[in-house]
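Hello,

Here is the structure I promised to hand over. Please look through it before reading my notes.

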Amino acid sequence: MAKKKTASPRARGESSPSSDVQLASAEVRYAQELEFLRAIDDAARPPGWMLSPVRVVDFICGTRGEAARAPASVKLPAGLPKSLVIATKFVGSRALVERCVVTLAGERGLMLVGQPGTAKSMLGELLAVAISGSSGLTVQGTAGASEDHMRYGWNYSMLLDRGPRPEALVPSPVLTAMREGKLVRIEELTRCLPEVQDGLISLLSERRLMIPELDGEEGSVFARPGFNIVATANLRDRGVSEMSAALKRRFNFETVHPIADPQQEIELVRSRAVSVLSETGLTAELDARLLELLVTTFRDLRDGNTSEGWSVERPASVMSTAEAVTIAAAIARQGAFFPAQRDPISLLPGHLLGVVLKDNVEDRERLLAYWDGPVRRRSENDAHWKRMYELRNVLEESPTGP
Ligand SMILES: Nc1ncnc2c1ncn2[C@@H]1O[C@H](COP(=O)(O)OP(=O)(O)OP(=O)(O)O)[C@@H](O)[C@H]1O
Ligand SMILES: [Mg+2]
């Protein structure tokens, strides 16, 4: 549980590039690792890339606890450590990340699909940072996104005043990425209208964007080496089935699955919750049993069965790792803000309801059935599950009631 509060760098009045924002970008958070990997990287890089494919994968998946070192031929700039253990950021298959990297060095875009909260966006951000040095070129796909978001728009006052000219052009992140030879991320591509999505077809195959309003060379932008697209799509929302076949052919699809190993998921939830809390100036130790109960409950409700082989009715809500991180951090924060609160497990059912009860009233019944099944059975042999079972009444009360 959260034990004590320490002053954050922000509270101490220190200024660092990340101290005045709630969540710094990956390039800021991992600046040292990126600088180090670039310095030691003597392997061939695809044109326009900041790191070689092997080092991109090292950055994302980590170096398995071993320190990366500079080869004898490389002289490190002053100020950089001689060796560095690169942290695991994406917990998942290294082979999947390697395939993503291979795709991005080729002529197709990369489409990351999967259930919500499986780290698709995070993976896209890490790929962009490792390959292009920045993750800021991003289009957020929404139902209201127009062609301008994918291609270009105009500064209309300048356009009316002086006619179409390069200065009046407002480039989209896609156009900027083409000009600079960088990766552009398109989040939730399938939420955009099909005609807006299809604006990417010619761009991906010809690697060129025509601007008919401008004359001569300025009327066509050729993508520089290094340009490519990383898109994400959520299988719960508007499906990829609505993407046109022509656009699908221009992407390689990779499915990002929830974390397979329970221990890895517990460790990720712990470490992410700790860092979420430290970003707000709280130093927290998370109770190991709480984490185990939380992650086991999430996995059972997500998978529809337990490790003992009991079946579980799945709620309509998404039981993602990202939601588990949020609950772990919220319980630790509650313990830090209200020190009289000594039993973190007693807070779990209430927070669980907050995740499960979103838009389907039957989900409360499903949660109660989980309590009457697996939780009750486990309570017969385990004191912590017994404590969970005793909290069943929390699930019955209306969270909005008196
Ligand atoms: N396999 C994983 N490795 C590392 N972190 C993970 C993993 N799965 C989930 N997370 C955690 O979940 C958070 C949310 O992930 P992210 O927002 O990238 O998911 P997403 O798949 O894009 O979700 P959505 O479909 O809702 O947009 C991450 O910041 C991380 O803390
Ligand atoms: Mg996302």
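This is a predicted model: local features need pLDDT of at least 70, side-chain atom pairs count only at pLDDT 80 or more; totals for chains, interfaces and linings use all residues.

Residues are numbered from 1 along each chain as its sequence is written, chains are lettered from A and ligands numbered from 1 in the order in which they are written, and side-chain values use heavy atoms, without hydrogens and water.

**The sheet**

Five strands form an open sheet with parallel pairing, in the order β5-β8-β11-β4-β12. Strands (E, at least two residues) and helices (H or I, at least four) are DSSP runs, numbered from the N terminus. Two strands pair if DSSP finds at least two bridges between them. β5 (138-140) and β12 (251-255) each have a single partner strand, so one side of each lacks a neighbour in the sheet. From one strand to the next, the twist averages 20 degrees.

Three bridges link β5 to β8 (residues 183-187). There, Thr138 stands opposite Arg185. Helix α5 (residues 120-132) packs on the sheet and touches β4 (109-114), β8 and β11 (228-234). Its direction makes about 170 degrees with that of β8. Axes are lines fitted to C-alpha atoms, for helices over the stretch in contact, and angles run from 0 to 180 degrees between N-to-C directions.

β4 has five bridges to β12 and five to β11. Met111 has Phe253 as its bridge partner in β12; Leu110 faces Val230 in β11. Six of the six β4 residues are buried. Buried means under 20% relative accessible area, exposed over 50%, partly exposed in between (1.4 Å probe, protein chains only). Gly109, Met111 and Val113 lie on one side of β4, Leu110, Leu112 and Gly114 on the other.

**Thr118**

Thr118 sits in the loop between β4 and α5. Its relative accessibility is 9%, so Thr118 counts as buried. Beyond its neighbours within four places in sequence, Thr118 is in contact (heavy atoms within 4.5 Å) with Phe90, Val256, His257 and Pro258.

**Helix α16**

The 18 residues of α16 (residues 362-379) should span 26 Å at 1.5 Å a residue; the end C-alpha atoms are 24 Å apart, which agrees. The expected span is 1.5 Å times one less than the number of residues. Buried residues of α16 include Leu367, Tyr370 and Trp371. Among the elements covering the buried residues are α13 (288-303) and α15 (348-356).

Best wishes
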